[in-house]
Every structure is written in structure tokens, then in C-alpha cells.
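Me: Could you take me through some strand pairing in this model, with the criteria stated as we go?

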Amino acid sequence: MADNLPSEFDVIVIGTGLPESIIAAACSRSGQRVLHVDSRSYYGGNWASFSFSGILSWLKEYQENSDIVNEGPAWQEQILENEEAIALSRKDKTIQHVEVFCYASQDLHEEVEEAGALQKNHASVISENPTEAVHSAYLPSEDQSLCTVSCEMLTEQTPSSDLETALEINNVKVTGETEKHDDKTCMKSASEEETSKNVPTTEGTALQPKKTRITYSQIIKEGRRFNIDLVSKLLYSRGLLIDLLIKSNVSRYAEFKNITRILAFREGRVEQVPYSRADVFNSKQLTMVEKRMLMKFLTFCMEYEKHPDEYKAYEEITFSEYLKTQKLTPNLQYFVLHSIAMTSETASNTIDGLKATKNFLHCLGRYGNTPFLFPLYGQGELPQCFCRMCAVFGGIYCLRHSVQCLVVDKESRKCKAIIDQFGQRIISKHFLVEDSYFSENTCSHVQYRQISRSVLITDRSVLKTDSDQQISILTVPGDEPRTFAVRVIELCSSTMTCMKGTYLVHLTCTSSKTAREDLEPVVQKLFTPYTETETENEEVEKPRLLWALYFNMRDSSDVSRNSYNDLPSNVYVCSGPDSGLGNDNAVKQAETLFQLICPNEDFCPPPPNPEDIITDGDSLQSEVSEASVILEANSESPKESASFGNPEEASQ
Amino acid sequence: MHGRLKVKTSEEQAEAKRLEREQKLKLYQSATQTVFQKRQAGELDESVLELTSQILGANPDFATLWNCRREVLQRLEAQKSPEELAALVKTELGFLESCLRVNPKSYGTWHHRCWLLGRLPEPNWARELELCARFLEVDERNFHCWDYRRFVAAQAAVPPAEELAFTDSLITRNFSNYSSWHYRSCLLPQLHPQPDSGPQGRLPEDVLLKELELVQNAFFTDPNDQSAWFYHRWLLGRADPQDALRCLHVSRDEACLTVSFSRPVLVGPRTETLLLMVDESPLAVEWRTPDGRNWPGHVWLCDLPATSLNDQLPHHTFRVIWTAGDAQKECVLLKGHQEGWCRDSATDEQLFRCELSVEKSTVLQSELESCKELQELEPENKWCLLTIILLMRALDPLLYEKETLQYFQTLKAVDPMRAAYLDDLRSKFLLENSLLKMEYAEVRVLHLGHKDLTVLCHLEQLLLVTHLDLSHNRLRALPPALAALRCLEVLQANDNAIESLDGVTNLPRLQELSLCNNRLQQPMVLQPLASCPRLVLLNLQGNPLCQAVGTSEYLTELLPLVNSILV
């Protein structure tokens, strides 16, 4: 297989996260020969989405902390005298403190398998010593960077089954996602994608059967209905990513749904936040005067720059202090601060708060009644969409392909090649490396932040309404001023991220401790563990947890390039996901780096209209100055591209 | 060149577009021509349907072609079997939908659909309602579709409650929707019919309160959205009053009977619509308006024969019956009296609480409170200010007079574009107040001096006034309606900006007219005064015409009996 790869490229991109994928697409679109590799078996790195079985195998990877990648042939001997090497890391250390809990009842004697799961091609991991896994649940692990995976049953009614159920979990056959993580190269073909997406698009609003219990085996069986994001983000409808998706026409590869509700958590209750004209008009919780106050303030925020006298005097204080001066009732202050500006008491000053509020309001109405969009099938779709664009313009893809080192020319201090897992040396002009691929030697001075994440599967929404197909975002402020606000995003089954009758809930905050320590208090406020017996007053009951996952993810988004040791100037670093809600950071990063690689090139211009592409038979105007045609086409692809995707074919 | 993408240049693209457009235009024109030829030749067959659908599919606003289609369909109706016809109708409905997608606001298309549905033996109204709902989902303010929906709902006899719920749902989505509010104003009276549409409000109080809350939500959310304010005004308004005879006046001297109505009416040359009974026996009379033009007006009068006024009987009774509006009034002329009258009192009937209902004073009071609250938050909102003024007038015009005038001042400052309208409205309210005061004082003298009036209105209410003072205002004319003041003896209108005197016509008792310091330019404008038989004193000091040559000569000729003062 190694022989098949060309030995020379213009740009080599290592890692398939969102910023890397955007750069790959942009470079390929601008005519660069791009090789895009990822040592993992799936696209997206920490931006990926997994089916239920996919996430279980992802968990296993961290549980075992084993390096699945085969040892390649030694690369040291390939380094010439006038060269030196920057070894890349073999272990992913970005995920820590993984803990998983299952609350759903389990049928102990049933062997279940994910429906429609294809042949395992991914290491099916069966823990050899399941009891140990359970017992080690709360024990501090020896290695700091190691993660603890614990599988526990917290079902109070069945205390005795702890061990057995844990066993059950570990016996579940974990299958790799063959559909997505197909062997090496090639993107999913369009038709394949279409069929796989069109099948489950029935919206579950029509008939809601009398609350059927969701069991763990059902979750396993319906595991392919889940698309569990590692990062929980939304698209601001006027954010940079949307603009880029539209400009580059990559949007055609994805579908989106509007977030339907903005929620707030106040005095122990979840309530809907009024923020648009229609909401304010319909709100029953606001008094007439409050309605006017809120509308007036929001209208002012829409163009606050035009009224400097209204805020100039308050520039030095925090946004929450500023709100207190604005004739807003505490009620309204809370909504604006936490749910609209989505900041906290101490985090931002007046200008930042006004900016955030303005941004929120400007995004309203572009695609619907909330400022946010969510990509169907999960956030993990987005990097793949850009990869697809890259491939359409001739980029070459290799998954499960790791790079052992970067080769640097001693004299010029420039990187000239990589040596991959097969020992193949591939030369290139530019090298883009995602932060997590660097070894400890390179990162010894880097300070990372952490993101605390939790993923829950629940049986009902945090706020029940007529429709059970709501997508909600809820901000829960930290209890103390020092702790961070927790962002909760609840996805319904029509987002194609969870099975019917369940909700997928993502919690995110900047870490102060481990993910579980940071997030469990909020989980307890909003949810209750699943129990066998149905309690009497179901109406007031909180949603019940079926399954919960906690983990910490490294946040490398604000690491400056200078903190890495000895990087040649043609090696560029992409960060992993940041903790923010939007994707602006990734897009900005991609555009900046693209400008370094291809100065003066347009960033992801739209592909030409199929009708305007002159095919060979269409020689009507062959006389027209060819030079200009070539310049505009700008997508000269390497001859290898023929087998990977012909742009003419693909754009039809 | 293998694998290289060739792209057309923008000139090439433009050229291709141009060619395509030219081609389209040719097709369009030839199809249009063929249709017109066939129509002229009377060949109204299915080929015409086919041709017109090609054109209308691209441009549904070609009204003639819709007419053409109707002609064809009508002809085919006679020729085809029911099955064939049903198929034809089905395609026609589908075609209409495709046209509506091209232009959802095409008058011709919606009208054609109305026409077609009206002719079907068993129209599927449920489907039509669904169609409306779809189109309104795309554009909730598409009034063409609202019109059509009302047509369908009426034809299908959809219960008003269902339609009301539909308007609810659209207002919830976006309350800035005139059509939806208006539809409510049609549906609610149907749902809650009021037993007697007298001077009451339009809705029962509980319903009214709910609607007021809804509309308040709207104007507290966005006070600059007019749709809610308009609906608010409708809610507080009262049902249209029935026709009434406001005043009946008989004068022995002029041998004349005068009637004033609650609204302008037209009394025909014959007397069937307005009957006069003198001493219980009908009398044929010739009705005319005071200015002699016999246009629809508030005031009508007739000459009485001497027999009806003779002094032999102790009294004469005069009864007038307005047959068109089922109203009548009676007055008595006693022996030895020069005149007799009977009238509705402006104070008793609360005539001037005009547009707003009188029954709901507690409701009005609370509306006033919340509007004032809103006004504090939005001191510059014109709708709020105007509504406050109207509410105050509805509650008590005299009590709130001062406050109202202050609000008018603010309103004029925030809405200078409508300053003239506001001046006129203010004049109207001030005149009404003065009228009320005059009635309370039980006199026939009306002082309207120093009030900054810009316009005169309610003149038909002043039938009995003998002395009128209009001095020191901003009036620019004495309007024709002034001719209704049949009893006027002295009129003072000094220090205005009067340029014309059309209203000083046929005033039988006018003796003194003072018009100092106005803008009368030409002696010609004095012409109407010749029709006032008793005029003896005319003061024209300080008018431009005093300087004109030959004015005094003109006056002696025009008004030989009048003592005119020019300098």
C-alpha cells in the first residue's frame, strides 16, 4: 500500500480536525497537491462523532491506554547526515479522566449487537479482566495522564448486579464503524452517503407511544442511530463557519437544523428565554413593562455602537454590573447575561457583553427563530465535508496512517519530508500538524487548558412542550463566582444523533477539576438516575439518565506557536477544539495558516458552476484566451487525482 | 490539458444568458400572438389552454390570458363529459398552484382560483384551506392569500372559532400582521354577537379584556408597530350608530323647516325617503341643502306653505320621518313664537366621545393607565400619545382638556410630518368641548376665539347658534358647511387667515359679519354675501382687498344695503 502513495506533495496535513480539514480543502482548491493523513481510523480527531458502539470502542482505547498503531520500521536510519528529525507522538494524551455510567436496565442474558453493524474490522476490545475495571473505578490511577474508565451500575434497586452488569457492558461486542472509517483514502461516495442518510428521516412527532422503557440493550441495538460528538458546538448563523460553508459551496455536503429553544435554569426550574420579538410578545412570564424593557434593551444592543453615551461611562465595569444600571428587572438581567450574552457575572466587561449580545441578535432570523444551527448527524460531519471538498479537487486521504517523524534540513532549518509508518519518505513544501501529534519533547513548555465534557442519554427533555423534537441550549451559571458556567445542549432524535425516544445531552465547561467533579452537580440538578419503578407524579419528574459519560479534553486553542520547541518555519500548528460555542476559532486559524501557505490566494472560493465547465466535446469557444481560462480554473490537479476523484465528475 | 478544468468566462456566460433570454422572448411573443388570433377567430379549444399555460406559467400576471382561459373552460364545460371535465379541473387546479409558486401575490391567479372553485359542483374546501395555510406559512402577511382564505372559509362554512384559532397561531408567530388582526375583527363579532348594536362597544366585556391583553402585549413588545394600534382602536370603538335625526327646527319668519342628520345623507328630489307630517297630515315639500347644491349632507331644509304656519291654531306639530334609516323627530311651533325646535343634546348623548365606546369606562381607565405607563418608557411614541388622547376624550373630554392639549403638543413635536393633521384633530376636539360648554350653559352663543383652530367641523351641530365668535384663530376659510347655521345673526371671524367665504351663503338671519385682518384678496370673494338678505354690517378692515382699486364701488353694487367698513 505504501508504494501507492506519491512521494511528493505541496502540503501535508496531519490530523483531520476541523481547522486541518478546512486548510486541506482550501489548499487543494487553490491547486496545491495535498496529502491528508490521520493516525486514527476515523475522521475528525477530537472533532469526531461516534455511533454508540463507536464511542464504546473509543472508550476502550483510553481504558487500555494501549497504542494500537503497529510499530513501523525504524526511521532513524533514514535520517541523513545533514538532517535531523522531529519525532511525533504515538500516544494521544488529549483525553483524560474518562468515566462512564450506565443507568438503563439491562437484560442480563441477552447478547445484543448493534443492528446493521458491519464486520468488525476494528480491534474488538473485550476486557480480559472486567472485575478489575470495576474495582479500579475510583482509585487514582498511577499514571497522571492515564484515564480511568469505570463502568458502574448505579441502579439502586439492583445493588447486587453491579458486577454482572459491568460484565455485560464489557461483553458487548464493539464493532468499528466500517461505514465511516473505511480502509484508507477515499471519501464516502455521494450515493452511499445519500442512501445512508435518507433512511432514518422520519420525525418522531406523530405517535408517541406510552413511554416505553429504554433498556441498555435497546441502546446497543439502535446504536447506529447515535452520533455522539466529542466536542459540543453549534454554528452561529452569521458566524465565520457558515459564511465559509456558503462561500466554498461545501454546505451542499451537509444538512442543518435550527436550534429551537434557548433555555435558562433559574431557581431550580428550567424555563424558556424570551429573546425575539415573537417570544417577548408571547411570553406569559414577563410583565408588560418587562416586555418593553427587554425589547428596548435588545434593540439598543443591536446597534449599540451608535449610542456610545449609553455605555461609555460603564466600560470599566463588568457586563453584569452594567446590566444593573439598565432598568432591567433581575429576571431580565439573568436572561441577558447568561442566556443571550452567554457570559457570567465576572467573565466579561460591558463592551464584551454588548458585543456578545449583538452577535446573538444578529444571528436571529437568518435561518429561523434562534441564532444557532446544528449539523444533522453531528458536528463530526463538518470536518468530513471539507475533506470531501479537498478530495474533489485532488487531495489524497489516508486514515490510520501515522507519521513517525518530520525530517528537517539542518542547514535551511526547513522541514522537507515526513517518514510514515511504513518508513516511506514523502517530501513536501508545507507541513500542517495538529497539536496532539507533537511529542513531549516538542511540547515541554506548552501550558494547556482543559475542557470538561459530559455526554448523557436521557429519556425525556429538560423542558417538556407540545413537540418532543426540540433542540435546546441551556446555560447553567457556576455556583460560585470562580467556577465556570456549564453549557448544556440537548439534541432530539430528529437531529440524527440519538435513537427515537431518547435525548442526547452534551455538557461543556472550562475545567477547574475533573470533568465529573465539574459537571456532576449540574447533572444532578437537571436529571435523575433511571430507576425501575415509575414514580407517581410523572409530570414534575426530571428527565432520567440512561447513560452518562464524563471526560476531560485538552484545549490547545490559545497556545502560541512560540511555545513549541524548535519548529521549522514551514511546519504549522493547528489546535484542537476550543471550549467556545461557535467555530470561529477554527475558521480563523485555518484562514491565517492558509494565507501563510498560499499568500494572495482566495480562501476557499466557490467551485465553478457545472454548466460553466467546458468539457472536451464542448469546444464551442476553444478560441477564447486559454491563459485566462486556466488561471480561473485554478484547480489543476495532479495526475494521480484521477483515481481519487475527478473534479468534473464530482461537481455534477 | 488532461484533467484541467476549463471554465467559461463571464462574457461567455453573459452571452449564453442573453441568447437564452432572446429565445424565451421569441417563444413568449409568438405564443401570445397565436392566442389572440385564436380568440379572435373564436377557436376556444384545448390548444388555447395549452398556449396560455405556457405564458402564464412564466408570467401569471397577464390578466387577459386568464380571461381567455375562463372563456375556454366555459365552452368546454358544455362539450365535455363529467369525467373529462373533472380531469380538466384537476389539471387546472394544479396549474394554478404552480402559478402561485411563481408569484404568490398574483391577483389574476387567486381570482381565477376563486372563479373555478365557485363553479365546481363539489369543491374540496379542506384542500383549499390547507393550501392557504401553506402559503401563509411562507408569507404570513400575504393579503391575497388571506382574501382567498376568507372566501374559502365562507364557502365551506368553517366555524369562526376555528378561523380565530388560526389567526391566533399566525399572530403568535409574528404579530405585525394587519390581515390577521383584521380577520379577528371580523370573526369576534360573529362569535359573540351583541344583542343590540346601540352606542355600545363591539364585544362583550370578557372577550374585550382578553383581546386588549393580547394587543397590549404587542404594543409593549414593539410600540412602533402600527398593526396592533389599529386593532386596539377597533377594539375600543363602538359599532356604527344607526341613522338618527339630531335636530329639527321650524322658523315662522323664513317659513322654513330644517333637519340635521347624524351622518351625511342624500334626500332625493321626491319625498319618499324623508316624510314631513304637519299636524299629522303628510305634506309634499321640496328638500334642499342650505348651500343649494343638494349633495349628500348633514342638513336638509324645505320651505313651508303659509297654511302650515298660520296663527289660528294654538300650535302646529311638525314630524319628520327618515324612512331609509327608521328614525323620526317631532317639534312644536307654538302660537306667537317665531320658531320651534327639538334636538338631541350633545351632552346627554355624549356625541363626541366619538370613536370610543362609552360603556366600558373601567376598561378605558385601565387602558389609559397602561398607555401612560408605556408612554413613560417610550415618551416619543406617537401611537401611544395619540391613543392616550383618544382614551382621555372617551373618558371625559372636559376633565382632561388641559392634559389633552399638552399631549397634542408633545405629539406634534415627535411627529412633525403630521402636524397639520394633528392641528385639525385638536381643532375638532376643542370645538366639541366648546359645544359641550355652550350646551351646559344653555345659550345660543358660541365663543371659539383664541383657540388656535385650523378647521371648522361639527357645523351641523350648530343649527341653533345665533352668535358665533371665531376670532383669533388660524382658519383659512369659512367652509360651505357653515351655511347650516340657519339662526346665525352675528358672525365674528377677525384675525384669521381667511381667503374664502363660501360658507356665508343663504344665511337668512345674518346681520353682522366681521372679517377684520384676514387674507381676502379680491372683492370677488365677497360674492356669496349677496345671498344673505338681512346683512347690514360688514367689517373688512385690514384685508388686502381694501387696498384694491374699485372695491368700494364693487361693494355698493353687490351689497347695496350693507354698511361696509373698509378702513
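Me: Which residue of β23(A) stands opposite Pro529(A)?
Reply: This is a predicted model, in which local features need pLDDT of at least 70, side-chain atom pairs count only at pLDDT 80 or more, and totals for chains, interfaces and linings use all residues. Residues are numbered from 1 along each chain as its sequence is written, chains are lettered from A and ligands numbered from 1 in the order in which they are written, and side-chain values use heavy atoms, with hydrogens and water left out. Strands are DSSP runs of E with at least two residues, numbered from the N terminus, and two of them pair if DSSP finds at least two bridges between them. Strand β22 (residues 528-529) of chain A runs parallel to β23(A) with two bridges, and the residue opposite Pro529(A) is Leu545(A).

Me: How many residues of strand β23 of chain A are buried?
Reply: Buried means under 20% relative accessible area, with exposed over 50% and partly exposed in between, for a 1.4 Å probe and protein chains only. Strand β23 (residues 544-555) of chain A is mostly covered, and the buried count is 12 of its 12 residues.

Me: What is the bridge partner of Ile451(A) in β23(A)?
Reply: Strand β18 (residues 449-458) of chain A pairs with β23(A) in the antiparallel sense over 10 bridges. Within β23(A), the bridge partner of Ile451(A) is Met553(A).

Me: Which residue in β7(B) stands opposite Arg319(B)?
Reply: In chain B, an open antiparallel sheet has the strand order β4-β3-β6-β7. β4 (281-282) and β7 (327-334) of chain B each have a single partner strand, so one side of each lacks a neighbour in the sheet. Strand β6 (residues 315-322) of chain B and β7(B) pair over eight bridges, and opposite Arg319(B) stands Glu330(B).

Technical notes: Helices (H or I, at least four residues) and strands (E, at least two) are DSSP runs, numbered from the N terminus.
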